[in-house]
Amino acid sequence: MPKKTKPEPTVFIVFGGTGDLNARKITPALFNLYLDGWLPDEFAIIGTGRTEFTDEQFRKNLLGGVDQFSRKGKADKKIWQEFSSHIFYQVADVNNAKAYDKFADRIEQHKKDWEKDPCVVHYLAVAPRFFSVIAENVAKSKLADYLPTTRIVVEKPFGRDLESAKELNALLQSIFDESQIYRIDHYLGKETVQNILAFRFANAMFEPIWNRNYIDNVQISVSEQLGMEGRGSYYDTAGALRDMVQNHLFQLLCLVAMEPPVSYEADEVRNRRVDVVNALRRIRPEEIGEYAVRGQYGAGWIEGEKVESYHHEEDVPKDSSQNTYAALKLFVENWRWNGVPFYLRTGKRMNEKKSVITIQFKPVPHQSFPAQTAANWQPNRLIIEIYPCVGIRLEFQAKRPGPEMLLSPVDMQFNYDEFDAADTPEAYETLLLDIMEGDSTLFMRADQVEAAWRVLMPIVDAWDDTPATDFPNYESGSWGPAEADALIAKAGHSWASAPGID
Ligand code: NAP
């Protein structure tokens, strides 16, 4: 990974420029990069969609997004004026191949003005059904011809199964070189997530115990309180397994379980991540009940407010059998991890919005202290907190002050709040800068996406083919279905953030 420098002159085309992602994430991230001095002097952002907008109307809409969503708060008017003079709008239907000539003309104009071949980023912030047609039309209109400086960015979800992911990879790779394709999983851009690598590989003390000899189990839990929030029609085609596990939770698993990379070069780091996915135990269709639990939320209470069941969400069929919760037990079959369960869990409408990785260590081999000295005794845990707390916490036993030998669990904590939050870039800022600089370390390579689908396909197929008969099977505001507790209780484990345990 090269040291960060200002990118070369860039034309940044946002397909889906009028959509939610651009307003909520992309433009606020680009604006913050501008504020922090990371954008080149010569850059242009071209938003596109079917809606008719003038440049001014488009800029005004984006300012609304920045004011509402930027981590730096409302934009300073003068600085926004300067920044937004680089933003343009081009009305276009992505299905219309001729419309792409207008992008070509604009790129040509910038090239002339800047007297330089710009880096051109095609950012596909549109529904997945448009990914192929945009890539094809970009190629037809020769917009992919400036190969060394052209990049294509594909949002999640990347495919809805192994076959569709392979097809999309094949199409993209027939037009672009793999090094030009940036498959975004924004989890990889999060500070704490990147910090897992620093924590593991920049310190000598953790790596020697980071294996099956010392670690009992690993839990990766991403819970959300929100329901569909208007995304019901998309979500009902995906579900928790496709929407969260195949990408975000697998990325976290890879970072926890990967071998140390020889260097922090994109392909080396990505090779180590893919190794983890390739080492995951394949689950046979007849074993799915032992390894996976699905759920769907019923009505319930979230923070004192009554909420409806999934079936009552807008655009969700009343008889939908889509999962809004998934829990998996996985095994990484290699020397380091043999026999250590990795429990993954994610769900909507759960008790808390919380993302946390818990490394549960084994008990001490011999208990020297009498039982009454250690009433609350528990094995060590290392907790990597991603949301809402951002940091790393180590739980261990200590002697309570006083004349008696009494033990209590205590925490040693590193908290990201110690850094100024306004100085901590959002995931999209890190990732957009990486794209402009041509650094693909934090992006998914084709083989990783396909490997992840390959592991999950038996479960995807089984759940698609056999509608659940017990849905809804968890109350909104709970920690998910009881079967998920049973899934891990079989091995004597319990979820780390279950009520009362935290
Ligand atoms: P959205 O709000 O529904 O926006 C869709 C965009 O596509 C709009 O700009 C729309 O513009 C454009 N569009 C639709 N049909 C078009 C056509 N035929 N020609 C040209 N433009 C067309 O969706 P979104 O939430 O921004 O999501 C976009 C992508 O990002 C999806 O793949 C989603 O899964 C992914 N994503 C979104 C988020 C998020 O927070 N929103 C987070 C992660 C990933 P017009 O209506 O003006 O044509």
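Author: A disulfide is a pair of cysteine sulfur atoms within 2.5 Å. The structure holds 0 of them. This is a predicted model, in which local features need pLDDT of at least 70 and side-chain atom pairs count only at pLDDT 80 or more, while totals for chains, interfaces and linings use all residues. Residues are numbered from 1 along each chain as its sequence is written, and side-chain values use heavy atoms, with hydrogens and water left out.

Buried means under 20% relative accessible area, exposed means over 50%, and partly exposed lies in between (1.4 Å probe, protein chains only). C119 is buried because its relative accessibility is 4%. C254 is buried too, at 0%.

Next, the overall layout. Domain 1 covers 10–155, and domain 2 covers 188–421 + 446–489. These bounds come from an automatic or database domain assignment. The domain centres, taken over C-alpha atoms, are 35 Å apart.

Now the sheet itself. Helices (H or I, at least four residues) and strands (E, at least two) are DSSP runs, numbered from the N terminus. Two strands pair if DSSP finds at least two bridges between them. The sheet is open and has 8 strands, in the order β8-β11-β12-β7-β13-β14-β15-β16, and its pairing is mixed. From one strand to the next, the twist averages 15°. Such angles run from 0 to 180 degrees between N-to-C directions; axes are lines fitted to C-alpha atoms, for helices over the stretch in contact.

Look at β7. It is largely enclosed by the rest of the structure, because 8 of its 9 residues are buried. With β12, strand β7 pairs in the parallel sense over 6 bridges. Q219 has Y343 as its bridge partner in β12. With β13 (354–361), strand β7 (215–223) pairs in the antiparallel sense, over 8 bridges. V218 faces I359 in β13. V222 stands opposite S355, also in β13.

Helix α8 (232–257) packs on the sheet, touching β7, β11 (325–331), β12 (341–347), β13 and β14 (381–387). Its direction makes about 140° with that of β12. Helix α13 (482–489) packs on the sheet as well, touching β7, β8, β11 and β12. The direction of α13 makes about 10° with that of β11. Contact here means heavy atoms within 4.5 Å.

Then the core. A nonpolar core is a set of buried Ala, Val, Leu, Ile, Met, Phe, Trp, Tyr and Cys residues joined through side-chain atoms within 4.5 Å. The largest one has 144 residues. F12, F15, F250, F342, I357 and L432 have the most contacts inside it. Helix α8 gives the largest share, 13 residues. This core lies between domain 1 and domain 2, because both give residues to it.

In it, β1 (10–15) and β2 (43–49) run parallel and are joined by 6 bridges. F15 stands opposite T48 in β2. Leaving out residues up to four places away in sequence, the contacts of F15 include V94, Y100, F103 and H122.

R349 sits in the loop between β12 and β13. Its phi is near 55°, positive although R349 is not glycine. R349 is buried, at 12% relative accessibility. Most residues other than glycine have a negative phi, and most peptide bonds are trans. D315 also has a positive phi, about 65°. D315 is found in the loop between β10 and β11, and is partly exposed at 48%. K318 is in the loop between β10 (305–307) and β11. K318 is exposed, at 58%. Beyond residues up to four places away in sequence, K318 touches H311 and H312.

From Y387 to P388 the bond is cis, with omega near -5°. P388 lies in the loop between β14 and β15 (391–399).
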